[in-house]
Amino acid sequence: MSTTAPTLLRIDTSIRGTDSVSRRLTDLAVRTWLRTHPTGRVVVHDLAENPPPHFAGPSELAEEYATELRDADDLVLGMPLYNWGPPSMLKAWFDHVIASPLARDPQTMAPMLTLGTAVLVVARGGAYGDDTPRAGWDHATDWAQKSFTAVGLDLTVVPVEMTLAPGAPYLAEFEHLYHRDLARAQEELEQVWTRAALAGV
Ligand SMILES: Cc1cc2nc3c(=O)[nH]c(=O)nc-3n(C[C@H](O)[C@H](O)[C@H](O)COP(=O)(O)O)c2cc1C
């Protein structure tokens, strides 16, 4: 039996500090994780505070980031939608990760990472459902799900839409959608780690 304390890797990417919806939810995810892993260790990686450089070829950073992921038991990642894509610091971070042989076998391209549970919190200012004018414009969530699969990680997506509504009079009629999503996300994050534990993963 391993004597190493279980580790949660928390990655934040929002530039909005304490106003951030995704950070509020990654905070909650950490609290609920610690409830089920009282002896656990939380490693925090803030990509807004410490943005990685653009990828320019294999480097020590690639190994550092991939090692952090390899050594984690669980992951929670906060991702705002920025101009219909992921924050550029998250894209740069991922470009480093996937270049490492710890993340993907360079010969076979086989995914090399295995984690217990990997949660992606997505905060979107607007709405992107099938019946909205911007349906299909959220390229960040799809990108994240597919890209993380390529390194072996199956993301559980916890979305919140209409985060801009509470501060924007022109979106007032949609504010209830934000509160509905926020409540759903909080509920999901209360149980996401327990459900994984019960399923034995
Ligand atoms: C640079 C920037 C670009 C944004 N682009 C979009 C966008 O394309 N679509 C959208 O719905 N919201 C957009 N927003 C709003 C954010 O997605 C929204 O504020 C979200 O809550 C940010 O996550 P956070 O609350 O964790 O900071 C943008 C915000 C910023 C700062």
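## Strands and pairing

Two strands count as paired if DSSP finds at least two bridges between them. The model is predicted.

Take strand β1, residues 7-12, and strand β3, residues 74-80. Four bridges join them. The two strands run parallel.

What is the order of the strands in the open sheet? It reads β2-β1-β3-β4-β5. Five strands take part, and their pairing is parallel. The edges are β2 and β5, and each of these pairs on one side only. From one strand to the next, the twist averages 15°.

Now look at the β5 end. Strand β4 covers residues 117-123. Six bridges join β4 to β5, and the two run parallel. Here alanine 118 stands opposite leucine 155 in β5.

## Strand β1 and its partners

β1 also pairs with β2, residues 41-46. This pairing is parallel too, over six bridges. Arginine 10 stands opposite valine 44 in β2. Helix α1, residues 21-36, belongs with these two strands. Together, β1, α1 and β2 make a right-handed β-α-β unit.

Is β1 mostly covered or mostly open? It is mostly covered: six of its six residues are buried. In a regular strand, side chains alternate between the two faces of the sheet. On one side of β1 sit Thr7, Leu9 and Ile11. On the other sit Leu8, Arg10 and Asp12. Both faces are covered, and these residues are all buried.

The largest pocket has a volume of about 300 Å³. It is lined by 17 residues. Which of them are closest to its centre? They are Leu81, Tyr82, Gly125, Thr163 and Leu164. By class, the lining holds eight nonpolar, seven polar and two charged residues.

The second largest pocket has a volume of about 230 Å³. Its lining has 13 residues. Nearest its centre lie Gly126, Ala127, Arg134, Met162 and Leu171. This lining divides into nine nonpolar, three polar and one charged.

Methods:
Residues are numbered from 1 along each chain as its sequence is written. This is a predicted model: local features need pLDDT of at least 70, side-chain atom pairs count only at pLDDT 80 or more; totals for chains, interfaces and linings use all residues. Side-chain values use heavy atoms; hydrogens and water are left out. On a 1 Å grid over the protein atoms alone, a cavity is a set of points where a 1.4 Å probe fits but cannot get out, and a pocket is an open set with protein on both sides within 12 Å along at least five of seven lines; lining residues have an atom within 4 Å of a point. Grid points are joined across faces, edges and corners, and a volume is the space filled by probe spheres set on the points. Ala, Val, Leu, Ile, Met, Phe, Trp, Tyr, Cys and Pro count as nonpolar, Asp, Glu, Lys and Arg as charged, and the others, Gly among them, as polar. Buried means under 20% relative accessible area, exposed over 50%, partly exposed in between (1.4 Å probe, protein chains only). A crossover is right-handed if, with the strands pointing away from the viewer, the path from the first strand over the helix to the second runs clockwise. Axes are lines fitted to C-alpha atoms, for helices over the stretch in contact, and angles run from 0 to 180 degrees between N-to-C directions.
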